Amino acid sequence: MNSYEIIAAQFHQRIDSIAGAVDAMAPGLEAASALLVQAVLDDRKVLVVATGQDALLGETLAEALRAPGDAAPPLPALAFTGSRAVEPTNLWRDLRTISRDGDILIALDTSTDAPMLQAAAEFANERNLVAIGLSETQDSDCAATITLLAHDARLKKELGLMAMPVLQEQVRQYLMGE
């Protein structure tokens, strides 16, 4: 097998995995979009929390929501990232200070057991926030979960990245119509 064939096979494997993830992701994307729109209409903030290897993904999501370009109106989104997920840290202290009843808390956790997602769901419950999860964990206490089912961590991150423009477009459609 030459290099081109190996590269093409890898791309096709990714494409097949992504196509297979649509059914798992679509309900969460639809629910999350509706929650984001309601937050905008209620003058609420969107707080994105991600830690460790997911921190950059969290910052990217907050930026995509804040400055979506032509896709959708900008949302008031802030990213909170750190190296630790569950232990009390500056991240949770900052979230406690900034968050208000009804704000949206989006938690990204691509790890297998999703400890940060669970900690974020508990935090949201304590603070009367609306939690949205991006994780492979389907049984969280979040109001909506965008399920990232994949055979490896890199593909989960790719699915998380792919969810961003879909959220933008869904929000645009809700707020501005077709």
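Q: Let a salt bridge be defined as a side-chain nitrogen of Lys or Arg within 4 Å of a carboxyl oxygen of Asp or Glu. How many salt bridges does the structure hold?

A: The structure holds eight salt bridges. The model is predicted, with local features requiring pLDDT of at least 70 and side-chain atom pairs counting only at pLDDT 80 or more, whereas totals for chains, interfaces and linings use all residues. Residues are numbered from 1 along each chain as its sequence is written, and side-chain values use heavy atoms, with hydrogens and water left out.

Q: What is the distance from N to O in the salt bridge of D103 and K45, and where in the chain do these residues lie?

A: The side chains of D103 and K45 meet at 2.8 Å, N to O. The pair links distant parts of the chain, 58 residues apart: D103 belongs to the loop between α3 and β3, and K45 to the loop between α1 and β1 (46-51). Such elements are DSSP runs numbered from the N terminus (helices: H or I, at least four residues; strands: E, at least two).

Q: Which residue forms a salt bridge with R14 at 3.4 Å, and why does the pair tie together separate parts of the sequence?

A: The partner is D152, whose closest N and O atoms with R14 are 3.4 Å apart. D152 lies in the loop between β5 (144-147) and α5 (153-176) and R14 in helix α1, so the pair ties together parts that are 138 residues apart in sequence. R14 is buried, with a relative accessible area of 19%.

Q: What are the relative accessible areas of D94 and R93?

A: These residues form a salt bridge with their closest N and O atoms 2.9 Å apart. D94 is partly exposed at 29%, and R93 is partly exposed at 47%. Elsewhere, salt bridges that share partners join R14, D152 and E158 into one network.

Q: Where is G102 found, and which residues does G102 contact?

A: G102 is found in the loop between α3 and β3 (104-109) and is partly exposed, with a relative accessible area of 23%. Contact means heavy atoms within 4.5 Å. Leaving aside neighbours within four places in sequence, G102 is in contact with R44, N128 and V130. By contrast, G102 and A8 are 46 Å apart in space, C-alpha to C-alpha.

Technical notes: Buried < 20%, exposed > 50% of the residue type's maximum accessible area, 1.4 Å probe, protein only.
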